[in-house]
Amino acid sequence: MSGPCRDLIVLDFTWGMAGGLAAMVLSDFGARVIKVEPPAGDPFRRHPAWLMWNRGKEGVVLDLKSAAGRDDALALAQRADVVLEAFRPGVAGRLGIGYEALSSANPRLVYCSVSPFGQRGPLSRVKGYEGIIAAKTGRMMAFRGQPDRDGPAFSAVPTATWGASQAAVQGIMAALLVRETTGRGQWVQTSILQGMMPYDLQSLIIHDLRARDPVKYAVDPQTDPKRVASLQYLPARCGDGRWIQFGNNNFRLFQSTMRALGLWRIYRDERFKNAPDLTPENRELLRDMIFDKLAERSLDEWMQVFIEDGDVAAEPFMTAMEGLRHPQFVHNGHLAVVDDPRTGPMDQVGLLVDLDQTPGAVKGPAPDLGQHTDAVLQWVQSTPAVDTAPPNPAAKAPRYPLEGVTVLEFATIIAAPYAAALLADLGARVIKVEPPEADLLRVLAGGLGTGTVKTTAGAESIQIDLKTEEGKGVARRLIAQSDIVLHNFRIGVPERLGIDYAAVKAIRPDAIYVTVTGYGASGPFCHRPAFHPLPGALQGGALRQAGAGVPPPPEAPLTRDEAKEISRRLFRANETNPDFNTSMAVASGMLLALYERRRTGRGQSLLATMPCANAYANADEAYNYAGRPDWRLPDAENHGTHALYRLYQATEGWVFLACLFDDEWQAFCRAAGRDALSADPRFATETDRTANDAQLIDELTRTFAQRPAAEWERLLTAADVACVQADAVEGMGEFFAENAHVRENGLVIETHHARFGRYLRHTGVCDFSESQGRFGPGILAGEQTQSLLLELGYSGAEIDALYRNNVVFSEPINPIP
């Protein structure tokens, strides 16, 4: 059977990566997607990755500035289920394809807008390139200190764009679920700005807590520019000059790594007996020992040792192109080779998730400009519009899109738990099952206990020892009332705990069973552990963020101090985005499976892997074909990728400039008072500017050094040039807590945590015209253990016995002053 989106018709009016990927996912899972372009085409067609973002779609050209083009667009919308647009606010309406016009013609239409900064507010008219969002929100300030210079550093992985693409998928699928009840569509709104919100793990709450305790919460440990590479997540150089990334975030895995390296003797040394928890002096001594040991063998030789050991999390640093051909990636079917007539065989990222009953398929290459115009318009003439009669007025819309859905989560750290939190924002009930020692993230992320405030938001927690028979009995009762069962255990663990798919299906035959893994359910690497640094290394994100020349070529000689500095930069580059990249994919997959179950009553197994999700997040680079153009890495000092997509220092502060097209370049020259630059033959065309990039950087460096950053932002945005101050805030916490635009768009809300008290949290990654989100607080481990047991039918005496016998637990509150 084809994917869950079969029989859906989607009109894609978007340009670029965010909308392109959203519509591509819908196409891969069965939708008929019609991409509508202007006569000159989508301006991002020039990007080689456009061929992947738009695979499997039909291509239609309509001139929406003409009456005939608008009539054709309206006729298409009358026959569609979904419209996807990514214009700035107001533009779609002026072109005759706004929500009001199209929903009036087709009340069943789910209309999704992916704007840059949101539909209203002082930033709503600013162009929303990824770099502009990253600079304005403070994400580039989170990378300060990565290069050895002052100021913000370029953010290379397009996390906000990826996040917005999946926010659109999730919003569309949620609205379609509501439509199954009401017969009515609605307006789904998201933005590149909202797509950035998942990537702030704890800086928003730390910004709040700092006002109460400025010493304890002086810095966000995740973005501290002075932090050094931990031994658990160490990047290191092997004997052949190639680099490896470790990802052993707990004591047992670190011990396994020491054993595999032949360093087990350290635990007989008083200085290292608690490794990796060491004094700074002893930590550096052990770092030197690890560096010395790795220098004894090549990368391939060490990888063979670690693979055979099976309990060491380590992978080489790869480019996004190389990651597509990793043996496990290929085994999982994550690699799709599309026969494109313009490039020949093209390596692309395959399906977002693996649905065992409705798997979907990559359909074929992207269309040529207007390739299907005639056929699609003939189809319109021969196909009646949808029935525009008012839906059944007795059908009551649910308050929340996922009202009545229960997610049972057996997961730790970020990738899977935050996926559940995204569904909680849509109204699902999330019950988090934690082990006696609780979710490991509660003691990671700087040890402040703030990390899980985001990943458990809106959930309920019960602590159970699933290794006991009584604990397994509690889990079975929970499974019986759950729609989705989600876990991220390693292979074989669910069977030992009695929560494998067969066991779950025996209790709840229509359950959706979700497995989130580092590698997959089978294949050469499936037994190995993995945490976020590994997909960051494998799928190219870490090398992109590290910048040109980091690491240097294998043959380059390095002193120990130079190698440590490279290790530090790679560590800073390989930050936590791979976890959140995965969360966005998992949440989309769960919405797809829920839509299938709503239509057919059938549950299924869903498998998501971190490498696949992170290849998607790097979808502007994760492709390959013969003759593929070279990819531009950021410069060695992490200013940006070229003269017109780059950070510049002003007289006060830093700006980020994004001028991707000729009309933007001309507008910049006029507004900046540099008309001579636009007439300079070195910079006349994009080809000329690329050839003379270093000279253009010199010119613009001198230009921006003449005014303060804030003044440049006012001057250039008024001229519709994308340029913002990049250091106006210390980080994303300050931006989301204090920015007026955030408040006007309702992107934060105050809630209450049992330990931390009142605090601000982000709202949802998408909004709805007819439905609401539900934005609950983070929770403590086992905070709802007792109430959930009562709900499951346990008596007070039975509950007391479960606590007394160490079957269930609850974390003490210990409120902060």
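Predicted model: local features only at pLDDT ≥ 70, side-chain atom pairs only at ≥ 80, totals over all residues.
**View 1. Confidence along the chain.** The mean pLDDT of the chain is 96, with 99% of its residues at 70 or more. Confidence is lowest in helix 10 (residues 203–210), where the mean is 93. Strand 16 (residues 484–487) marks the highest point, at 99.

View 2. Strands of a sheet pair through backbone hydrogen bonds, either parallel or antiparallel. Strand 2 and strand 3 run parallel and are joined by four bridges. To find one yourself, look for isoleucine 34, whose bridge partner in strand 3 is glutamate 58.

**View 3. The buried residues of helix 3.** Helix 3 covers residues 67–77, and its buried residues are Gly69, Ala73, Ala75, Leu76 and Ala77. These buried residues pack against two strands, strand 1 (9–12) and strand 2 (32–37). They also pack against helix 5 (99–105) and helix 16 (373–382).

**View 4. The largest cavity.** The structure holds six cavities of 30 Å³ or more, and the largest contains about 210 Å³ of space. Helix 10, helix 17 (415–425), helix 18 (451–455) and strand 24 (757–762) each give two or more residues to the lining of this largest cavity. Its lining has 21 residues, and those nearest the centre are Asp200, Val453, Lys454, Arg761 and His762. By type, the lining divides into 13 nonpolar, four polar and four charged residues.

Technical notes. Residues numbered from 1 in each chain as written. Heavy atoms only, no water. Buried < 20%, exposed > 50% of the residue type's maximum accessible area, 1.4 Å probe, protein only. Contact = heavy atoms within 4.5 Å. pLDDT = per-residue confidence, 0-100. 1 Å grid on protein atoms, 1.4 Å probe; cavity = no way out; pocket = protein on both sides within 12 Å on 5 of 7 lines; lining within 4 Å. Points joined across faces, edges and corners; volume = space filled by probe spheres on them. Nonpolar A, V, L, I, M, F, W, Y, C, P; charged D, E, K, R; others polar. Pairing = 2+ DSSP bridges.
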